[in-house]
Amino acid sequence: MYEKSMDTQQLLRQLPGVDTLLLNMETLEKWQDLPHSLKTRIIREVLEEKRRAVLENRFHEEKELTVSALMPLIIKKLEKAVTPNLQRTINATGVVVHTNLGRSLLAEEALERIMAVASHYSNLEFNLENGKRGLRYTAVSSLLTEITGAEAAMVVNNNAAAVLLCLDTLTRGKEAIVSRGELVEIGGSFRIPDVMAKSGAILKEVGTTNRTHLKDYEGAIGENTGLLLKVHTSNFQIMGFTASVSMDQLSSLGRKHGIPVMDDLGSGTFMDFSPFGLSKEPTVQESLRAGADIVTFSGDKLLGGPQAGIIVGKKEWIEKIRSNPLTRALRIDKLTLAALEGTLRLYRDPEKAMARIPTLRMLTMDESLCTERANTLHKKLMALVLQGFDIEIQPSIARAGGGSLPTQDLPSRCISIKSRAVSAASMERQLRKHQPPIIGRVENDAFLMDVRTLQQGEEDIIATAFSSLFSQSPNPPSPEKEKP
């Protein structure tokens, strides 16, 4: 703490005025074009922080109150203020569909569609055939019916919204029968029972947590039954003594009693991943062929597109859902529609989809390619000759993420880095603050970077980051630490 040689008021008077600091900033060309209001606000914030430090005796020297001492603080705050809050990050976690890092990456074709629609007017709700108002779903509905074999399709802003909209349309004031073992929590504390309650549906649970039989559904059907609901437990699995009712059994029961059957697939996929050695997930096409009247699923998980809730199924039910007033509140925007169209067009050719959609490409990447990528990054890091750093290639297990393929191990490779000068936690923190931020994980006091989720060219960015951050390590144990 600073031992006062003068009273508080004298110290406060030493602080320069706002105008003085503004004039000083005018000498810095980089900041001249910033709005005057922004510069003034930042300067006032820094001055207020120093005033509080003086009043609370939380500073060390009088020179901390000078223009030369305050300017670096102001510039640091300005740099933070002009840096976008939503930033590109480098995902070295090994989690492919990482919810916190934005889930699926878009294919180039999807990005091209966004640019075309975002930079020009479009026929979002204009029918070019008759010159009258059209439906915004037209851009993707024909693609969805073509790919899935459904009679009709529509899209809202996410899958929770899709489920809410369907339940509100079909079961408000009526019972929706669902297996107790399928009452999942879909993330962010949003639970199927809560979504059902908000929709006005009356939840009727059948079976037990681990076993539900067809007779359980049939015994629960009554005059007020509005829907038979099946929810795919895409983010967990119950193992052991289990039983569940298949979609073809449930759809037969629904037809027998004239009750619609809905299948909420959650993640949802058009592709069978089992030929690539991955877990078998029910596809949208399989659910429809098994007789589901309505199928809902996400656009930004295993599908590899933008955030969206997709609804496909029988035309009579889709038309009722589309006419629900909630549809407008939950509707998809033009940029998401453009990205979804670009993604869906790739699915016309499954091989092309696997090669072009980043999520599919990362999920199905061969382990040998992971090894090759790890070797590339390892060589770049070793070339830096970082003194005191132990850099190794290790086996790793990547994950699908996003509540998808919960039990699936994705064999991968990671770079493990330990340092005698920098703790793994400090390394993680510094790399997280790098531009762009590099997000890895810490295990056993080592910083790990899984290469499965790295994109082309990011090895160079990582090497540059390590060179700038650690070639001159703070508090080095020896002079050699300061040399690259």
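Modeller: Welcome! Residues are numbered from 1 along each chain as its sequence is written. In this predicted model, local features need pLDDT of at least 70 and side-chain atom pairs count only at pLDDT 80 or more, while totals for chains, interfaces and linings use all residues, and side-chain values use heavy atoms, without hydrogens and water.

Biologist: Why are α2 and α3 called oblique to each other?

Modeller: Helix α2 (residues 18-25) and helix α3 (residues 36-55) pack at about 125°. Angles under 35 degrees count as roughly parallel, over 145 as roughly antiparallel, 65 to 115 as roughly perpendicular and the rest as oblique. The pair is therefore oblique.

Biologist: Which residues make the contact between them?

Modeller: With contact meaning heavy atoms within 4.5 Å, α2 brings Val-18, Leu-21, Leu-22 and Met-25, and α3 brings His-36, Lys-39, Thr-40, Ile-43, Arg-44 and Leu-47.

Biologist: What makes Ile-192 of α8 a buried residue?

Modeller: Buried means under 20% relative accessible area, exposed over 50% and partly exposed in between, using a 1.4 Å probe and protein chains only. Ile-192, Val-195, Met-196 and Ser-199 are the buried residues of helix α8 (residues 192-199).

Biologist: How do you know that they are on the same side of α8?

Modeller: The arc is that of the directions from the helix axis to the C-beta atoms. These residues cover only 100° of it, which puts them on the same side. Ala-197 and Lys-198 are exposed on the other side of α8.

Biologist: What do the buried residues of α8 pack against?

Modeller: They pack against α7 (159-171), β3 (175-179), β4 (202-206), β5 (225-231) and β6 (261-266).

How values were computed
Axes are lines fitted to C-alpha atoms, for helices over the stretch in contact, and angles run from 0 to 180 degrees between N-to-C directions. Helices (H or I, at least four residues) and strands (E, at least two) are DSSP runs, numbered from the N terminus.
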